[in-house]
Structure formats: C-alpha cells, structure tokens
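Please find below a colleague's note on the structure shown here.

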Amino acid sequence: MPRFAGIPTFMRLPNVTHGSELYDQMEIAIVGVPWDGGTSNRPGARHGPRQLRDLSTMIRAQHPVSSVRPFETANCADAGDVSINPSDLLGSMENVTSVFSQLKADGILPLAAGGDHLTTLPILRALGNKNAPLSMIHFDAHTDLYDGYFGGTPYNHGTPFRRALEEGILDGSRVIQIGLRGTRYDLDDIEFGKKHGVTMIMIEELMERGPDSVMAQARDLVGDMETYVSFDIDFLDPAFAPGTGTPEIGGPDSFTAQKLVRGLAGVNIKGADLVEVSPPFDPSGNTAWVGASLMFELLCVMAPMVAQARK
C-alpha cells in the first residue's frame, strides 16, 4: 500500500494494545503520550504523537548505514496512546507510570513519543527505582533540572530530572546531558546537577569535540548499566526543528543528531523517548519528520539489542 494511504500508525506498524492477540509477541512498543500539562510557555506538544505518527509513514524498512531492518530484527508495534486528562496533571502522570510499568512487567521495551518533557518523569518512575536507579543519556538544549517556576507545582517540563534525582530513580553519577545552551534564569539548575554528579556537555564542547568523542564518553559513563535515553527535539537548532515550545538557536543540525543517536549502539537501553514536538509551531510537519526519523534511529539501536537478548 502506498505510504500516503491507510490508517497512520507509527512507521505503519500494527496497532497492538494490552490484551490483544499479538500483545505477547511484542518486543518493542512505540507509545504515544499526547500531553503537555507541564508546559510553562508555548503549549502544543500534546499534538506531537499524532503528527509524528502521520509523518512516520514515510519511514522505510532499512537503515542506510548499519543496514539494520528493525521491524524484522524485533517485533515492533504501535501500542497506542496513554489515556490523558489535560486538566489533571497528577492523574495523567499516574496513568503514564501505570502503562509503562505494565510494559516493563511484560518484558517489552518502550519507545515513547511525547508530549512535553515532564512526560519522562512518570516513565522513569515506572522503569527505575531507588534500589536500581537508571543511568541516562539526555540530548537537550536544557538541563530540565530546575526546582519549579512561578512558585507553583514542582512538576513541569523544566523539572523532571531534578525530581528524578531527588526520588533516587536516576543515578546522577551516570547521567550525561548533551547539547546544553541558551539564556538562563540563573545557575541553580547547573549547580544542582554538579552537586549530584551529572555530566554536562555544553554546545560549545559538543561542537569542538564532535559526536564520536562525546558518545564515546557517554558509553564509558553508563557502561553496561540499565540506561534511559531521552531526546528533546529542541536539541536541534530551530532551523532544522522549529516546531517546539522552547527553541534555542546555535544548536546542531539533523545529521549531527543522527550520528549521536547511532553512537548509542552497545548501550543497555531500558527505554527511550522523543519529546517536545509541537505541531502548531511547524504546520509543515518538518519537525515531526525529523522526530520520526530520530525515533527510527533509536529503533535501529534498540532492535539488535532485543534480538541479542533473545538468543
């Protein structure tokens, strides 16, 4: 069937939900989290999963460099969307944790499509715990280590990793953040990260050293420990991905982003996400196409890992 035809699912994969006939065969679940309840300024990321699905129908079967065919290497499926209540922040977070906890219990590797970056906190709560905190490789223009905004709730898209470190579900000594840049309110987030041992790679360092060197450091840092990968689309320069809530100039191009994700090969990935695609700020769909393409890159790293574990 032509790629413009049929009901759009992530990468034209079958839609497989809990309790359905094919559920027990699923090894990698792509899950939409259509929620931007944590957005502090420009909303719209709640519409990200739908546009990512639509643009992902352009994805073909084989990686151009590694030749990995992820849909044949592992049983991948579109597992639908988490049920979200846009007026209930805490309830929606609980729903996200519940869905990803079920996937973990069933031995299914999740790849999430957000949604704003607060989405990642309830996923981390599902996948990690104080007895087995996760490592993390984080691509973003921002640390998301703030304590809060405007004296209100401690939960927004600028706070997920501060909360995760406080809750002990991330091990700060095994967290690396790549591509940080932009103007700041203050240095509170940086100081908090350093206090907890977080490795921060500013954009200047990334550009000077290059993706191969930085990813070698990231792999060394996390070793063979269970690792979560979080990719905020605002990591890219807005010339390549304008459809996001908090764009920052001076970022990498899309090829650099691809090289960085390819550098995850060999990492013990326990879950991943692509967040902050906001279609209202890019009706052309180009940002979602970049996002879907990076999700395919992630799949091409995750699928061989699943296949190896199956042997």
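**Note on the predicted model**

1. Residues 24 or more positions apart supply 78% of the contacts in the chain that have a separation of 6 or more; a contact means heavy atoms within 4.5 Å. The model is predicted, so local features need pLDDT of at least 70 and side-chain atom pairs count only at pLDDT 80 or more, while totals for chains, interfaces and linings use all residues. Residues are numbered from 1 along each chain as its sequence is written, and side-chain values use heavy atoms, with hydrogens and water left out.

2. The chain contains ten helices and eight strands. These elements are DSSP runs numbered from the N terminus, with helices (H or I) of at least four residues and strands (E) of at least two.

3. Of the 311 residues in the chain, 56% are buried. Buried means under 20% relative accessible area, exposed means over 50%, and partly exposed lies in between (1.4 Å probe, protein chains only). The chain exposes about 12,900 Å², of which carbon and sulfur atoms supply 52%; the areas come from the Shrake-Rupley method with a 1.4 Å probe, and for residues only the protein chains shown count as cover.

4. His117 is placed in the loop between strand 3 (109–114) and helix 4 (120–127). Is His117 buried or exposed? His117 counts as buried because its relative accessible area is 0%. Its side chain makes a polar contact of 2.7 Å with the side chain of Ser230. A polar contact is a pair of N or O atoms within 3.5 Å; within protein, one must be able to donate a hydrogen and the other to accept it, and residues adjacent in sequence count only if both atoms are side-chain atoms. Not counting residues up to four places away in sequence, His117 touches several residues, among them His138, Asp140, His157, Asp232 and Glu276.

5. Glu276 lies in the loop between strand 8 (269–275) and helix 10 (286–310), and is buried at 5% relative accessibility. Although not a glycine, Glu276 has a positive phi of about 75°. Most residues other than glycine have a negative phi, and most peptide bonds are trans. Ser67 also has a positive phi, of about 65°, and the peptide bond from Gly114 to Gly115 is cis, with omega near 15°.

6. Thr143 belongs to the loop between strand 4 (134–139) and helix 5 (160–166) and is buried, at 2% relative accessibility. Which side chain does that of Thr143 join in a polar contact of 2.7 Å? The partner is Asp189. The side chain of Thr143 also reaches the backbone nitrogen of Leu145 at 3.2 Å. Leaving aside neighbours within four places in sequence, the contacts of Thr143 include His138 and Phe161.

7. Ser101 lies in helix 3 (residues 89–105). Ser101 counts as partly exposed because its relative accessible area is 29%. The side chain of Ser101 reaches the backbone oxygen of Thr97 at 2.7 Å.
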